[in-house]
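Here are a few notes to read with the model open beside you. Take them one by one and find each spot as you go.

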Amino acid sequence: MNLASLDQIRSDAAETKESLLTEEERQLEAEEAERITSESNKQVSESSAAEEKMTKDIDETAASGLGLDENEEQLLLTLFSGQPYQDFLRQRHLLLSVVVDQINEKIFDEIGDAVIDCDGQKAEIVEDYRSDLADLLGIEEK
(Lines give C-alpha, C1' and ligand atoms only; values in the text may rest on other atoms or scores of the structure.)
Protein backbone atom coordinates (compact mmCIF):
# COMPACT_ATOMS: atom_id res chain seq x y z
CA MET A 1 0.00 0.00 0.00
CA ASN A 2 1.26 3.44 -0.89
CA LEU A 3 1.80 5.78 2.06
CA ALA A 4 0.57 8.76 0.08
CA SER A 5 -2.77 7.05 -0.47
CA LEU A 6 -2.92 6.17 3.23
CA ASP A 7 -2.48 9.85 4.10
CA GLN A 8 -5.27 10.76 1.67
CA ILE A 9 -7.57 8.15 3.23
CA ARG A 10 -6.88 9.54 6.69
CA SER A 11 -7.48 13.07 5.50
CA ASP A 12 -10.79 12.08 3.88
CA ALA A 13 -11.86 10.22 7.02
CA ALA A 14 -11.09 13.24 9.20
CA GLU A 15 -13.13 15.49 6.88
CA THR A 16 -16.08 13.09 6.94
CA LYS A 17 -15.92 12.81 10.73
CA GLU A 18 -15.80 16.59 11.10
CA SER A 19 -18.82 17.05 8.83
CA LEU A 20 -20.85 14.57 10.90
CA LEU A 21 -20.08 16.06 14.32
CA THR A 22 -22.72 18.13 16.08
CA GLU A 23 -21.81 21.42 17.74
CA GLU A 24 -22.01 19.78 21.18
CA GLU A 25 -19.62 17.00 20.11
CA ARG A 26 -17.18 19.58 18.72
CA GLN A 27 -17.25 21.43 22.04
CA LEU A 28 -16.69 18.21 24.00
CA GLU A 29 -13.76 17.31 21.72
CA ALA A 30 -12.22 20.75 22.21
CA GLU A 31 -12.63 20.52 26.00
CA GLU A 32 -11.05 17.06 26.03
CA ALA A 33 -8.11 18.27 23.94
CA GLU A 34 -7.64 21.24 26.30
CA ARG A 35 -7.79 18.96 29.36
CA ILE A 36 -5.21 16.60 27.88
CA THR A 37 -2.92 19.51 27.02
CA SER A 38 -3.16 21.01 30.51
CA GLU A 39 -2.53 17.61 32.14
CA SER A 40 0.47 17.05 29.90
CA ASN A 41 1.87 20.50 30.76
CA LYS A 42 1.30 19.84 34.46
CA GLN A 43 3.15 16.50 34.28
CA VAL A 44 6.08 18.09 32.45
CA SER A 45 6.20 20.86 35.05
CA GLU A 46 6.06 18.39 37.97
CA SER A 47 8.71 16.22 36.34
CA SER A 48 11.02 19.21 35.87
CA ALA A 49 10.48 20.33 39.46
CA ALA A 50 11.21 16.83 40.78
CA GLU A 51 14.38 16.58 38.68
CA GLU A 52 15.53 19.99 39.89
CA LYS A 53 14.90 19.07 43.53
CA MET A 54 16.74 15.76 43.19
CA THR A 55 19.69 17.47 41.55
CA LYS A 56 19.94 19.84 44.52
CA ASP A 57 19.79 16.94 47.02
CA ILE A 58 23.09 15.37 45.97
CA ASP A 59 26.48 16.50 47.23
CA GLU A 60 28.14 17.63 43.98
CA THR A 61 31.70 16.98 45.15
CA ALA A 62 30.86 13.47 46.32
CA ALA A 63 29.30 12.54 42.99
CA SER A 64 32.09 14.06 40.93
CA GLY A 65 34.65 12.38 43.20
CA LEU A 66 33.14 9.05 42.18
CA GLY A 67 33.35 10.02 38.53
CA LEU A 68 29.57 9.95 37.97
CA ASP A 69 28.32 12.01 35.06
CA GLU A 70 25.09 14.03 35.11
CA ASN A 71 22.92 11.20 33.75
CA GLU A 72 24.34 8.68 36.20
CA GLU A 73 23.81 11.06 39.12
CA GLN A 74 20.25 11.75 38.03
CA LEU A 75 19.34 8.06 37.66
CA LEU A 76 20.91 7.27 41.02
CA LEU A 77 18.94 10.04 42.73
CA THR A 78 15.75 9.00 40.98
CA LEU A 79 16.21 5.40 42.13
CA PHE A 80 17.09 6.61 45.62
CA SER A 81 13.91 8.65 45.91
CA GLY A 82 11.71 5.96 44.37
CA GLN A 83 10.61 8.24 41.53
CA PRO A 84 9.83 6.90 38.05
CA TYR A 85 12.88 7.05 35.80
CA GLN A 86 11.52 5.80 32.47
CA ASP A 87 10.72 9.28 31.09
CA PHE A 88 14.15 10.55 32.14
CA LEU A 89 15.84 7.72 30.23
CA ARG A 90 13.57 8.11 27.20
CA GLN A 91 14.15 11.88 26.98
CA ARG A 92 17.91 11.40 27.02
CA HIS A 93 17.87 8.29 24.79
CA LEU A 94 19.60 6.16 27.43
CA LEU A 95 19.44 2.43 28.08
CA LEU A 96 18.72 1.52 31.69
CA SER A 97 21.11 -1.43 31.80
CA VAL A 98 23.99 0.60 30.33
CA VAL A 99 23.65 3.48 32.82
CA VAL A 100 23.24 1.05 35.74
CA ASP A 101 26.38 -0.83 34.67
CA GLN A 102 28.30 2.45 34.50
CA ILE A 103 27.14 3.47 37.98
CA ASN A 104 27.92 0.06 39.47
CA GLU A 105 31.37 0.06 37.87
CA LYS A 106 32.24 3.53 39.18
CA ILE A 107 31.02 2.82 42.73
CA PHE A 108 32.40 -0.74 42.95
CA ASP A 109 35.74 0.35 44.43
CA GLU A 110 33.99 2.21 47.26
CA ILE A 111 31.31 -0.35 48.16
CA GLY A 112 32.86 -3.56 46.84
CA ASP A 113 29.69 -4.76 45.13
CA ALA A 114 27.00 -3.70 42.69
CA VAL A 115 24.74 -1.13 44.38
CA ILE A 116 21.93 -1.31 41.81
CA ASP A 117 20.09 -4.45 40.70
CA CYS A 118 18.83 -4.32 37.13
CA ASP A 119 17.02 -6.91 35.04
CA GLY A 120 17.03 -4.75 31.92
CA GLN A 121 13.45 -3.57 32.48
CA LYS A 122 13.58 -2.18 36.02
CA ALA A 123 16.26 -1.21 38.48
CA GLU A 124 16.47 -0.68 42.21
CA ILE A 125 19.10 0.13 44.77
CA VAL A 126 20.29 -2.93 46.70
CA GLU A 127 18.77 -2.42 50.15
CA ASP A 128 21.91 -3.67 51.98
CA TYR A 129 23.95 -0.83 50.47
CA ARG A 130 21.37 1.95 50.66
CA SER A 131 22.75 3.67 53.77
CA ASP A 132 26.38 3.26 52.62
CA LEU A 133 25.46 4.81 49.30
CA ALA A 134 23.63 7.67 51.02
CA ASP A 135 26.70 8.39 53.14
CA LEU A 136 28.98 8.17 50.11
CA LEU A 137 26.85 10.64 48.14
CA GLY A 138 26.07 12.97 51.02
CA ILE A 139 22.33 12.29 50.73
CA GLU A 140 20.20 12.50 53.84
CA GLU A 141 17.72 9.65 53.93
CA LYS A 142 14.19 10.59 54.77
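1. The axes of H4 and helix H6 (residues 96-111) come within 10 Å of each other and cross at roughly 95°. That makes H4 roughly perpendicular to H6, a label for angles of 65 to 115 degrees. Helices here are DSSP runs (H or I) of at least four residues, numbered from the N terminus. Axes are lines fitted to C-alpha atoms, for helices over the stretch in contact, and angles run from 0 to 180 degrees between N-to-C directions.

2. A quick word on where this comes from: it's a predicted model, local features need pLDDT of at least 70, side-chain atom pairs count only at pLDDT 80 or more, and totals for chains, interfaces and linings use all residues. Residues are numbered from 1 along each chain as its sequence is written, and side-chain values use heavy atoms, with hydrogens and water left out.

3. Who meets whom at the crossing? From H4 come Asn71, Glu72, Leu75 and Leu76, and they meet H6 residues including Leu96, Val99, Ile103 and Lys106; contact means heavy atoms within 4.5 Å. The residues of this contact divide into 7 nonpolar, 2 polar and 2 charged. For the classes, Ala, Val, Leu, Ile, Met, Phe, Trp, Tyr, Cys and Pro count as nonpolar, Asp, Glu, Lys and Arg as charged, and the others, Gly among them, as polar.

4. Now zoom in on Glu72, which sits in helix H4 (residues 70-81). Is Glu72 buried or exposed? Its relative accessible area is 1%, so Glu72 is buried (buried is under 20%, exposed over 50%, partly exposed in between, using a 1.4 Å probe and protein chains only). Glu72 forms a salt bridge with Lys106, with the closest N and O atoms 2.8 Å apart; the rule asks for a side-chain nitrogen of Lys or Arg within 4 Å of a carboxyl oxygen of Asp or Glu. Since Lys106 is in helix H6, the pair ties together parts that are 34 residues apart in sequence. Lys106 itself is partly exposed, at 31%.

5. By this rule the count comes to 2 salt bridges. Besides the Glu72 pair, the side chains of Arg90 and Asp87 meet in one (2.5 Å, N to O). Both of these residues lie in helix H5 (residues 86-91), 3 residues apart, about one turn of the helix. Arg90 is exposed at 54%, while Asp87 counts as partly exposed at 45%.

Technical notes:
Helix = DSSP H or I, 4+ residues; strand = E, 2+ residues; numbered from the N terminus. Parallel < 35°, antiparallel > 145°, perpendicular 65-115°, else oblique.
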